[in-house]
Amino acid sequence: MKLLSVSLAALATATLATPALADHHEEAEMAQAEYPMTPQGAADWVAMVEQTMSDFSLEAAQIYWVNATYITQDTDALAARVGAEGTEMSVNYALEAAKYAGIEGLDADVKRKLDMLRNGIVLPAPTTDGAATELNEIATSLNSQYGKGKGTLNGEEINGSDIEAEMGNLERTPEELAEMWASWHTNVGAPMKDDYARMVEIANEGAVELGFDNVGTMWRSGYDMPPEEFSDELERMWQEVAPLYQSLHTYVRAKLNEKYGEAIQPANGAIRADLLGNMWAQEWGNIYPLVAPEGAGDIGYDLTELIEEKGYSEVEMVRVGEQFFSSLGFEPLPETFYERSMFVKPADREVVCHASAWDIDNKDDIRIKMCIKKNADDFITIHHELGHNYYQRAYNEQDYLHLTGANDGFHEAIGDMIALSITPEYLVQIDMLDRDEVPGADKDIGLLLRQAMDKVAFLPFGLLVDKWRWGVFDGSITPATYNSAWHDLKREYQGITPPVDRPADAFDPGAKYHIPGNTPYTRYFLARILQFQFYKAACDAAGWEGPLHRCSFYGNDEVGEKLNAMLKMGASKPWSDALEAFTGTREMSGEALVEYFAPLKAWLDEQNAGKPTGW
Ligand SMILES: [Zn+2]
């Protein structure tokens with residue numbers, strides 16, 4: 001469910017390739033003459049860069065699209081080539097931008113764009129000889145080590161995607177779960193440790209060349225506020241939602257204690273990491289059947305069956321999603337969307353089925369790429385992906401560097417807000433459900449608990465991954481404490497503990513893809529928080545008066561207008577301006593999430609009465 005537009009961020013997702021240093025030197029001297037170190041020179045240089053990147057992004061997007069929808073050796077080669085070219089371009093521009101950023105008297109907008117160029121790289125290499133090559137080799141190797149990683153189940157080797165699925169299999173015994181957990185963390189993580197430490201060292205030097213203290217402050221500098229202030233903001237949001245997480249933790253721990261007994265899961269203290277249905281204990285939906293309230297499992301209708309009853313084709317499912325946005329007053333999708341999107345898995349070639357939303361030309365050549373199945377999950381995913389497309393089209397008048405979400409949490413949050421809106425009330429409005437089949441309030445707890453097992457359970461994990469990395473990058477966490485610091489954070493925020501003692505040389509963070517993959521993680525925490533904030537803003541604007549989780553704002557063009565006011569800004573203004581345009585507030589907040597789950601929180605606290613809380 002990712003977003004794919006070849007914006008600066010996408011160009012820079014890859015690690016740095018070696019820039020052609022000799023050529024770059026000459027280019028830099030020429031640039032110096034044409035774009036002098038003056039405020040006007042900087043403005044002209046930024047305009048040139050935006051034009052160059054915009055031209056490049058069209059070609060790159062076309063190549064990536066063909067590659068993703070027709071995987072061959074040749075299209076792989078094309079994609080690798082254009083990827084390396086894009087990386088080199090963004091590296092060179094970041095270094096140049098760092099120089100221009102020091103000029104006195106810069107126009108505020110030019111300064112902000114220079115900062116976007118400067119911090120748009122995930123892992124910056126320093127310009128010292130061989131550093132970029134070494135960094136690139138390490139990052140590539142870490143990635144491929146993860147991809148080839150294996151654990152064991154009953155002594156037999158088992159690959160990454162299978163072991164992930166097996167961790168969610170309720171038939172597995174605690175011994176099997178512990179074996180899979182420990183073997184995966186040990187086999188995948190431990191061998192990466194030295195490489196990872198070296199990579200941190202090199203990338204930090206690169207960050208310093210770009211004018212940052214270290215890579216962690218560089219990652220935190222993309223939020224229109226000082227990095228320390230942003231860390232405080234995250235902590236504040238966490239404190240808003242922590243009591244809800246704690247209630248869920250207490251309830252789930254008691255259920256696991258009931259099922260497994262005191263020896264496996266004590267009634268007190270942290271929860272054993274392998275019992276929550278997920279290798280990282282980051283989402284717990286897989287064990288919902290173990291915790292479901294009695295009699296609330298069946299909500300009275302099945303969305304997959306409703307889709308079957310309607311006899312919808314894959315394209316018709318997409319038309320229903322489009323209708324959601326049309327009902328809010330958005331223009332219909334262009335014909336090219338239907339001509340050029342990939343909706344079903346082609347019979348005769350390899351494609352990337354993972355759902356994604358694309359913006360090929362930064363104007364209106366928007367598309368989705370999916371292998372749609374006629375079921376509830378894909379119906380929801382269609383709504384989510386279209387959220388990305390409407391966002392992309394809404395900001396298409398902006399400058400190139402502003403063609404993205406207001407901050408990196410916004411884009412995913414828009415898609416998820418739309419997905420939250422697929423309530424029974426909405427299904428009635430679009431004539432998929434009869435009014436008398438709308439589940440009664442007695443089903444609410446089951447519905448909310450199922451949601452919370454994923455969305456609430458994720459919150460502390462979404463926060464701690466980068467907390468650990470910021471510590472690694474600023475040196476407060478050293479290679480000697482990599483592993484203990486990781487588990488300390490998991491205990492402190494998640495209340496989770498490993499099922500077995502960890503060896504001294506373990507490197508358990510490496511067993512989570514985003515660590516060797518070098519993907520910043522805070523965006524996922526922000527998206528979880530923001531989607532509820534957006535959803536509540538829409539429901540308020542629609543005048544919804546019932547419980548928040550049942551709201552539908554389908555057909556309300558006032559909501560559409562407000563939403564569009566935020567979307568069309570893209571990243572042209574600080575994110576708090578964009579947030580204000582839609583929600584009327586300038587602060588990100590977990591309050592809407594808390595309100596959404598309030599009936600569940602009350603119910604959980606009743607169930608938890610008399611039980612120990614916390615860990
Ligand atoms: Zn998405």
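This is a predicted model: local features need pLDDT of at least 70, side-chain atom pairs count only at pLDDT 80 or more; totals for chains, interfaces and linings use all residues.
1. Taken over C-alpha atoms, the centres of domain 1 and domain 3 are 30 Å apart. Where they touch, domain 1 puts in 21 residues and domain 3 puts in 21 residues.

2. Which elements make up the side of domain 1 that touches domain 3? β1 (2-5), α1 (8-11), α3 (39-69) and α5 (108-118) each give at least two residues to that side.

3. Now for the overall layout. Domain 1 covers 2-121, and domain 2 is made of the pieces 135-203 + 212-298 + 455-520. Domain 3 is put together from 303-438 + 523-606. When you colour the chain by domain, remember that domain 2 is listed in several pieces.

4. On to the inside. The largest nonpolar core has 166 residues, and Leu 135, Ala 452 and Phe 534 are the ones with the most contacts inside it. Which helix gives this core its largest share? That's helix α22 (residues 522-541), which brings in 12 residues. As general background, nonpolar side chains tend to be buried together in soluble globular proteins.

5. Strand β2 (residues 150-153) and strand β3 (residues 156-159) run antiparallel and are joined by 4 bridges. Then move to Gly 151, which stands opposite Ile 158 in β3. The hairpin leaves 2 residues between β2 and β3, and Asn 154 in the turn has a positive phi of about 50°.

6. Last, pick out Ile 366, which sits in strand β6 (residues 366-369). Is Ile 366 buried or exposed? Ile 366 counts as buried because it has 26 C-beta neighbours inside 10 Å, and the cut-off for buried is 20 or more.

7. Who surrounds Ile 366? Leaving aside neighbours within four places in sequence, Ile 366 is in contact with Phe 337, Trp 358, Asp 359, Asn 389, Gln 392 and Arg 393. Arg 340 is worth a click too: Arg 340 and Ile 366 are 26 residues apart in sequence, and their C-alpha atoms are 8.6 Å apart in space.

Methods. Residues are numbered from 1 along each chain as its sequence is written. A nonpolar core is a set of buried Ala, Val, Leu, Ile, Met, Phe, Trp, Tyr and Cys residues joined through C-beta atoms within 7 Å. A residue is buried if 20 or more other C-beta atoms lie within 10 Å of its own, exposed if 12 or fewer, and partly exposed in between; C-beta atoms are placed from the backbone. Two strands pair if DSSP finds at least two bridges between them. Domain bounds come from an automatic or database domain assignment. Two residues are in contact if their C-beta atoms, placed from the backbone, lie within 7 Å.
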